Amino acid sequence: MKAKIRWAKDNLFKGYFNSALSIFLITFFAWAFYNFFNWLVIDSVLLGDADACRQASGACLAFIVDKTRFIFFGFYPETEIWRPIIAIFIFFIITFYSRLKSRWNRRLLYNWMYCGLVIWLLMRGGYFGLVKVETHNWGGLPLTLMLAVVGMIFSYPIGIFLALGRQSKLPLIKYLCVAYIELIRGVPLISMLFMSSVMMPLFLPEGYSPDKLMRAQVAIIMFISAYMAEVVRGGLQAIPRGQYEAADAMGLTYWQKMRLVILPQALKIVIPPTVNTAIGMFKDTSLVIIIALFDLMYTTKASMQDSNWLGFSVEAYLFVALIYFVFCNMISRMGRLFEKEFR
Amino acid sequence: MRFWNDRKNRAIIYQLLSLIAVMALGLFFYSNTKANLEKQNIATGFHFFNRVAGFEISESLIEYNSEDSYLRALKVGVLNTLKVSIIGNILAVILGVFIGVCRLSKNWPLAKLAQGYIETIRNIPLLLQLFFWYALFTEILPGVRQALNPMPGVYLSNRGVMLPSLEYNPVFFYMGVSVIFTIILGYFLKRYAKKVQDQSGKQFPHVLYTVLVLLFLPLLIWLVGGMPLEFNLPKLQGFNFSGGVSISPEFISLLLGLVLYTSAFIAEIVRSGIQSVKKGQEEAAKALGLKSYLVLTLVILPQALRVIIPPLTSQLLNLTKNSSLAVAIAYPDFVNIANTTMNQTGQAIELISLIILVYLSFSLLTSLFMNWFNKKMALVER
């Protein structure tokens with residue numbers, strides 16, 4: 001008790017100004033929380049239709065309840081909804097299983113590949129009596145997760161190679177990598193997405209252009225790789241010269257030196273910025289709405305335009321903000337876990 | 001020694017191979033593009049610049065109507081992007097520094113509030129925040145006739161924010177000239193103060209004099225000029241406002257979203273920058289008898305800024321690039337107008353190259369400015 005009073009004295013009531021500020025802020029918190037709680041719980045409508053919502057002064061949770069399936073899964077056929085649910089569960093289980101460093105071996109890599117294959121088959125269908133669902137019907141959370149996870153899986157190694165290329169002693173390779181990284185980092189992601197939707201079909205022979213989802217995925221990978229390269233470069237520069245020289249003195253080849261000595265240390269140092277880049281990418285997947293892919297943001301916007309439920313955009317935005325918040329938090333927690341594992 | 005075992009030979013071969021690969025890829029893309037464009041009957045080149053654009057732009061810093069050329073439309077876009085990025089960057093830095101300092105406050109509720117703000121804003125996509133603010137300004141705010149009127153002359157409605165504007169008077173021009181004159185004067189005063197201090201060790205209070213002149217010279221001119229102060233108040237006429245300055249809901253929600261989002265990142269940068277200065281530095285400076293503002297300006301800030309400026313630069317660039325999200329809420333920025341032009345003319349390659357070029361030059365300009373600032377601020381080491 002004494003310690004608590006002491007804490008309050010130091011942190012809340014040190015001087016007149018501090019005391020006044022503390023009292024004002026705490027009152028403000030209480031007031032804001034009270035109003036928000038009333039809006040969200042006491043005055044809200046959980047069951048009912050839009051008219052019931054309009055009469056109530058609180059949040060229209062009924063709208064969210066009614067639209068949850070659409071927001072999460074978009075235009076995926078209603079009878080097949082169990083497939084994306086199982087796919088997401090598989091993804092969560094394998095991610096949770098891989099959290100410990102001691103489990104990182106070749107077998108886990110194969111398991112990831114199997115899981116990826118199973119998820120793809122499950123989502124796409126067309127085999128084993130499953131109805132085929134084309135990618136343009138995929139939507140909502142599975143799409144957002146796929147863009148982010150596949151983006152990360154590919155851009156991480158590409159980023160490492162680009163960073164190595166940037167540090168290379170071969171001038172041509174160095175300048176090619178520098179040009180790529182600086183060019184991509186200089187433009188907004190939207191222009192890359194426009195490029196994928198408009199320019200990429202021009203670049204490829206007619207009829208060979210992949211579908212829009214795939215093209216957007218390629219654009220995201222290209223974009224994030226450049227940022228990943230800069231993150232990895234930070235790690236490479238933080239390794240003392242002695243490590244490079246010692247590896248050379250041991251007679252290791254370039255690739256042995258990088259694989260066994262430099263990269264394990266460099267990648268460990270840059271775990272925090274890597275996690276930040278991953279979070280950034282997860283948030284950035286929301287931009288695919290601009291080229292009309294049905295990600296989480298699109299399904300939310302689309303459900304707000306339902307003529308039965310007009311005027312509840314605040315509820316919908318808060319709901320989807322919560323989803324993004326939870327996932328970003330999960331990524332940063334995982335990052336902290338990795339930091340602990342690798343210490 | 002075999003040919004393959006010579007490191008120099010291998011280096012040349014690797015580089016040749018990568019050059020051939022890149023060139024082959026480029027050639028492959030080039031030939032496909034050429035074939036595809038011929039099939040679609042699209043002529044390459046920038047001839048479309050002079051054609052009539054034919055679309056309206058809701059807000060513009062220069063004269064524009066739908067009869068003007070594409071080139072002029074794109075210029076409007078560049079100016080609109082510059083407008084939102086420059087104002088946004090300035091506001092984001094101010095707010096970010098403020099929140100970063102609050103985050104380090106010894107007052108517990110204030111620090112927690114700042115922390116909660118940072119965590120929430122950083123974990124929600126910017127696009128979602130933009131949609132939210134845009135919905136707030138266009139759906140939640142009342143129509144023009146029931147516009148909120150929090151202060152005399154200020155109206156909030158779903159058509160945006162209306163503010164009173166100052167009636168122009170030549171006296172304002174001379175006040176502006178006097179401000180520029182004072183800044184030049186301040187520069188020479190600073191040089192003089194340094195000279196005095198170097199020669200005699202006495203301190204010449206040049207900052208005080210400059211601030212005094214800066215405050216009183218324009219005021220004097222204003223008083224002599226007959227104290228012109230006429231406001232042009234927005235008035236409700238029919239279905240819309242006339243007079244005053246109007247800020248569109250698109251612009252204000254884009255600005256608000258960008259500033260709030262970027263300020264959370266800047267706050268974290270400022271916090272880590274200030275925390276990177278060891279406590280002993282402050283104590284040592286105090287022990288030397290420096291006044292508290294000198295401790296801050298001569299000891300803490302130069303060291304903190306060294307850590308702050310490089311990541312701050314990339315945040316400023318991020319804000320500029322993120323302003324391209326304007327396309328989602330229909331603010332006519334450069335990407336938005338380039339996209340409209342692309343849809344109308346089909347000149348995808350030219351326009352996307354133009355987007356890349358414009359943003360690259362923005363990035364370069366910001367980097368140059370920040371590098372210059374960084375060099376000025378960096379500690380000169382022995």
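Q: By about how many helical turns are B:Lys194 and B:Asp198 separated in helix H5 of chain B?
A: This is a predicted model: local features need pLDDT of at least 70, side-chain atom pairs pLDDT 80 or more, and totals for chains, interfaces and linings use all residues. Residues are numbered from 1 along each chain as its sequence is written, chains are lettered from A and ligands numbered from 1 in the order written, and side-chain values use heavy atoms, leaving out hydrogens and water. Helix H5 covers residues 170–200 (helices are DSSP runs of H or I, at least four residues, numbered from the N terminus). B:Lys194 and B:Asp198 are four residues apart there, so the separation is about one helical turn.

Q: Is B:Asp198 buried or exposed?
A: B:Asp198 forms a salt bridge with B:Lys194 (a Lys or Arg side-chain nitrogen within 4 Å of an Asp or Glu carboxyl oxygen). Its relative accessible area is 57%. With a 1.4 Å probe and protein chains only, under 20% is buried, over 50% exposed and in between partly exposed, so B:Asp198 is exposed.

Q: How many residues apart in sequence are the parts that A:Glu182 and A:Arg166 tie together?
A: In this salt bridge the closest N and O atoms are 3.1 Å apart. A:Glu182 lies in helix H8 of chain A and A:Arg166 in helix H7, so the parts tied together are separated in sequence by 16 residues.

Notes: Helices (H or I, at least four residues) and strands (E, at least two) are DSSP runs, numbered from the N terminus.
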